[in-house]
Amino acid sequence: MKKALITGITGQDGSYLAEYLLRLGYEVHGLVRPNAGSEEDRSFWRIQGIRDKLFLHSGNLEDYSNLEDTVRTVQPDECYHLAAETFVFNSLEDESAILKTNTQSTHHLLLSLKNHAPKCRLFFAGSSEMFGQASESPQDENTPFNPRSIYGVSKVIGHDLIRYYRDHLGLFACTGVLYNHESPRRGERFVTRKITSTAVKIKLGMETELRLGNIEAERDWGYAGDTVAAMHAMLNANQPDHYVIATGTTHTIQNFLEQAFGELDLDYEEYLIIDEEFYRPKEEVPLVGNAGKIRDQLKWKPKISFESMVREMIQSDLEYFGSLLR
């Protein structure tokens, strides 16, 4: 039986990946924050249904000795590094924290695997934010990185660490350049879940408006369940490499609004308020991925359509928020 270690197991991707690997017969271990899972901590809700099948280890990715002990104990065959700080509010303190957390954790994990589980295969979750102000569209594995956020910068540094440990130290280490991928398990601070949850609350009489910024912004939106299958395919390939994981199709936030509110027989224009606080200019060159390499080499392609994904998110929110009124 293969063993897998997942950082960020309580997140959207981590929970889908854990379920996927369990179905394949893996022994699944997850690294969680110290004191996670307490009554005050809601982070376990995504893995609640499979918690009794998981082996959870308390630890901090920035604490090398603790991480080293976990790797030494688990001896994983595969490791999926999904944990990262995402949101930055443009202060020196926030930017320093995101750089430290995202780069140091990746380095610590690589070093721990090299020293204590050198045959373990490592997946690193990169991001389309690495391309940032892209020079071309669609982007592929040969497109230069040009991040325009501290988060994107931290992911480029992580990718360079992955490449160094692979090319010079012999670790089987891969970067998946992940484009936006959503699901009912996405947090409500992300725009997609903000839209679906607010649309449902409006339908149920719990809210009266939705505030957004630029609804002409475009994204390459895939489904999280499809994305984790690509991660697994990468670690079971013959050779380690980096791949773009994307749908190759963009939709605007307006498209998302139309689909989400349409599922509820509502007109989004009756409830939408454009708020400058949330406004983000549209990219001059759209961020859309060319996943031809992973499709050709590893036979991966998305299965869930944009429309089906939004429908699932709406239905899930209807069930959840409806239960609060019963």
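The following legends describe several close-up views of a predicted protein model.

**Conventions.** In this predicted model, local features need pLDDT of at least 70 and side-chain atom pairs count only at pLDDT 80 or more, while totals for chains, interfaces and linings use all residues. Residues are numbered from 1 along each chain as its sequence is written, and side-chain values use heavy atoms, with hydrogens and water left out.

View 1. The protein has 9 helices and 13 strands, where helices (H or I, at least four residues) and strands (E, at least two) are DSSP runs numbered from the N terminus. Its C-alpha atoms fill a box of roughly 60 × 50 × 45 Å, taken along the principal axes. A compact globule of 326 residues would have a radius of gyration near 20 Å, and the 20 Å of the protein agrees with this; the radius is taken over C-alpha atoms, and the globule rule is 2.2 Å times the number of residues to the power 0.38. Buried residues make up 52% of the 326 residues, buried meaning under 20% relative accessible area, exposed over 50% and partly exposed in between, with a 1.4 Å probe and protein chains only. Among contacts between residues at least 6 apart in sequence, 80% join residues at least 24 apart, a contact being heavy atoms within 4.5 Å.

View 2. The structure holds 10 aromatic pairs; rings of Phe, Tyr and Trp (its six-membered ring) pair if their centres lie within 6.5 Å, and planes under 30 degrees apart count as stacked, over 60 as edge-to-face and the rest as tilted. The rings of Phe-131 and Tyr-179 have centres 6.3 Å apart and planes at 35°, so this pair is tilted. Phe-131 lies in the loop between β5 (121–127) and α4 (150–167), and Tyr-179 in the loop between β6 (172–178) and β7 (181–182), so that the pair links distant parts of the chain, 48 residues apart. Phe-131 counts as buried at 1% relative accessibility, and Tyr-179 counts as buried at 2%. In the pair Phe-256 and Phe-306, the ring centres are 5.7 Å apart and the planes stand at 80°, so the pair is edge-to-face. Because Phe-256 lies in helix α7 (residues 253–263) and Phe-306 in helix α9 (residues 306–325), this pair ties together parts that are 50 residues apart in sequence. Both Phe-256 and Phe-306 are buried. Phe-131, Phe-145 and Tyr-179 form one aromatic cluster.

**View 3. Charged side chains over aromatic rings.** The charged end of Arg-186 sits over the ring of Phe-190, 4.0 Å from its centre, and Lys-293 lies over the face of Tyr-243, at 5.0 Å from the ring centre. A charge sits over a ring if NZ of Lys or CZ of Arg is within 6 Å of the ring centre and within 35 degrees of the ring normal.

View 4. A search of the whole structure finds 0 disulfides, a disulfide being a pair of cysteine sulfur atoms within 2.5 Å. Cys-79 is in no disulfide, and the nearest cysteine sulfur, that of Cys-120, is 5.3 Å away. Cys-79 is buried, with a relative accessible area of 0%, and Cys-120 counts as buried at 1% relative accessibility.

**View 5. Helix α9 and the elements it packs against.** Helix α9 has 20 residues and reaches 29 Å from its first C-alpha to its last, close to the 28 Å expected at 1.5 Å a residue, where the expected span is 1.5 Å times one less than the number of residues. The buried residues of α9 include Phe-306, Met-309, Val-310, Met-313 and Phe-321. The buried residues of this helix pack against β7, α5 (191–203), β10 (222–223), β12 (251–252) and α7.

**View 6. Helix α5 and its surroundings.** In α5, 10 of the 13 residues are buried, so this helix is largely enclosed by the rest of the structure. Among them are Ile-195, Thr-198, Ala-199 and Val-200. The buried residues of α5 pack against β7, β8 (210–212), α7 and α9, and just after the helix Gly-205 takes a positive phi of about 80°.

**View 7. Leu-210 and its neighbours.** Leu-210 lies in strand β8 and is buried, with a relative accessible area of 2%. Leaving aside residues up to four places away in sequence, Leu-210 touches several residues, including Ile-195, Thr-198, Leu-257 and Phe-261.
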